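Biologist: I am new to this structure and would like to go through it with you. Could we begin with the ligand and then turn to the helices and loops?

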Amino acid sequence: MDIRHLTTIDDVSNEEILMMFDAADVMSQRIEKNKSKGHESLLDICAGYNMASLFFEPSTRTRLSFESAMYRLGGNVISVTETGSTSVAKGETIADTARIIGSYVDIIVVRHPWEGAPKVIADYVGVPVINAGDGAHQHPTQTLTDLYTLRKEKGRIEGLTVALCGDLKYGRTVHSLAYALARFKANIVLISAHSLDMPAYIIKDLELRYGYYREEIADVGQAFEKINSHSQNSEQTSTIWVLSGLWSDFFKHSDEIPDIDAFYLTRVQKERFVDNGAKIEYPTFDSKLLKKIKADAIIMHPLPRVDELAYEIDDDPRSAYFRQASYGVPVRMALISFLLGVGPFSDFERTFQKPKFPRYENKDDVKCGNPKCISMQESESQQIAPEFEIVPSDSGSLLRCVYCEREIEYKNTLR
Ligand code: CP
């Protein structure tokens, strides 16, 4: 069986995602049944399998839901919860650490502050690797949980209009979610805090790879009109509305917020700011704002929250964020089973190939330039060379780092 990983959301096809969701539905029922039977009937799909849970950044939901998922599947877990407790603190490279841990376990879950670290681990180990969040790059298992939440709460993903609000620059969950929403043909409204816009390479990808129509909108009133008229015309192509720096204004503008089916709020990721003193103005989603949205809209948040989401709305049925967090266990149970090829996936044919672009022959030693990319780390440089793919763009070709996926123009070499 080919080894499969989940380092970015592109590692799995839509069909595979939907199959995992069906499996998660069944696993969720099994969890409930098991509780009602006094925990007599544990699943044993992963009996005899070991999972390494490597968290080099803090986590509550992702780490504990993965560990709970593996235990509920009948498997075992070994874990690292801080860099200082491993030999990385003595200068061991990620690649060497990965090789060792890969010989102890059957599957690895990793969260790391360096973007592309899960891909390096996947390149060096002979077991499936799951990205549990790498810097500001992606958080694909949160995305699976988010898509599952939309499907469960709204009954579908295609044709929904989902607003991604807040820190769209450093928030990794919204990066992988934007790609996934595009793959499932949802309309996307990007409402960012000032100076925290969605990276241009992601927006461009949605246009070029998924045929999205992009509208940049500076006026909130105009945004409301466009979103409403789009929702009334079922023939419209999938659209992405970009409301740069309008997080506060969008929610202040009117007593009625237009046809948005889900508001996905995010925390301002201050820990990733280069300038930690930067003051960001943003609204708190409270009971007043809740009155403005549609009666059947839902509020999502990957959590943890700070002050962008008021506690007073927690009991409203539209506040879906605690249900969203709880779906993380069955979704991760399904993902672990899928990657190990066990239980409902034991006969599954793994024919899907991640889309690939031509590799750039890096004779002139181009560097990625993203200081958080694993290829830019001095300590890793003996084992990891900068590598790029050549991706199409509207102004010629671009080089995309294979680790952190940042793009750079390199016209001279590509002539
Ligand atoms: N949503 C999420 O990634 O939460 P944790 O940081 O607690 O894992």
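Biologist: How far is the polar side-chain atom of Ser59 from an oxygen atom of the ligand?
Modeller: The distance is 2.6 Å between that oxygen atom of the ligand and the polar side-chain atom of Ser59. Please keep in mind that this is a predicted model.

Biologist: And what lies 3.0 Å from a nitrogen atom of the ligand?
Modeller: That is an N or O atom in the side chain of Gln142.

Biologist: How much of the ligand does the protein bury?
Modeller: The protein buries 92% of the 250 Å² that the ligand exposes when taken alone.

Biologist: Which residues surround the ligand?
Modeller: The surrounding residues are Ser59, Thr60, Arg61, Thr62, Arg111, His139, Gln142, Pro302 and Leu303.

Biologist: How does that shell divide into nonpolar, polar and charged residues?
Modeller: Two residues of the shell are nonpolar, five are polar and two are charged.

Biologist: Back to Leu303, then. Is its peptide bond to Pro304 cis or trans?
Modeller: The bond from Leu303 to Pro304 is cis, and its omega is near 5 degrees. Pro304 itself sits in the loop that runs between strand E10 (298-300) and H11.

Biologist: What does H11 pack with, and at what angle?
Modeller: Helix H11, residues 321-340, packs with helix H1, residues 14-36, at an angle of about 120 degrees, and their axes are 8 Å apart. H1 is therefore oblique to H11. Their crossing is right-handed.

Biologist: Now a different pair. How do H5 and H6 pack?
Modeller: Helix H5 covers residues 140-154 and helix H6 covers residues 172-183; the two pack at about 50 degrees with their axes 8 Å apart. That angle makes H5 oblique to H6. Where H5 passes H6, the crossing is right-handed.

Biologist: Are H6 and H7 roughly parallel or roughly antiparallel?
Modeller: Their axes come within 10 Å and cross at roughly 15 degrees. H6 and H7 are therefore roughly parallel to each other, and the crossing of H6 and H7 is right-handed.

Biologist: One last topic, the loop between strand E6 and helix H7. Which residue is found there?
Modeller: Ser195 is found in that loop, between strand E6 (187-192) and helix H7 (200-210).

Biologist: Is the phi of Ser195 positive or negative?
Modeller: The phi of Ser195 is positive, near 70 degrees, in a residue other than glycine.

Notes. Residues are numbered from 1 along each chain as its sequence is written. This is a predicted model: local features need pLDDT of at least 70, side-chain atom pairs count only at pLDDT 80 or more; totals for chains, interfaces and linings use all residues. Side-chain values use heavy atoms; hydrogens and water are left out. A residue is near a molecule or strand if one of its heavy atoms lies within 4 Å of it. A polar contact is a pair of N or O atoms within 3.5 Å; within protein, one must be able to donate a hydrogen and the other to accept it, and residues adjacent in sequence count only if both atoms are side-chain atoms. Accessible areas come from the Shrake-Rupley method with a 1.4 Å probe; for residues, only the protein chains shown count as cover. Ala, Val, Leu, Ile, Met, Phe, Trp, Tyr, Cys and Pro count as nonpolar, Asp, Glu, Lys and Arg as charged, and the others, Gly among them, as polar. Axes are lines fitted to C-alpha atoms, for helices over the stretch in contact, and angles run from 0 to 180 degrees between N-to-C directions. Helices (H or I, at least four residues) and strands (E, at least two) are DSSP runs, numbered from the N terminus. Angles under 35 degrees count as roughly parallel, over 145 as roughly antiparallel, 65 to 115 as roughly perpendicular and the rest as oblique. A crossing is left-handed if the near helix is turned anticlockwise from the far one by less than a right angle, and right-handed if clockwise.
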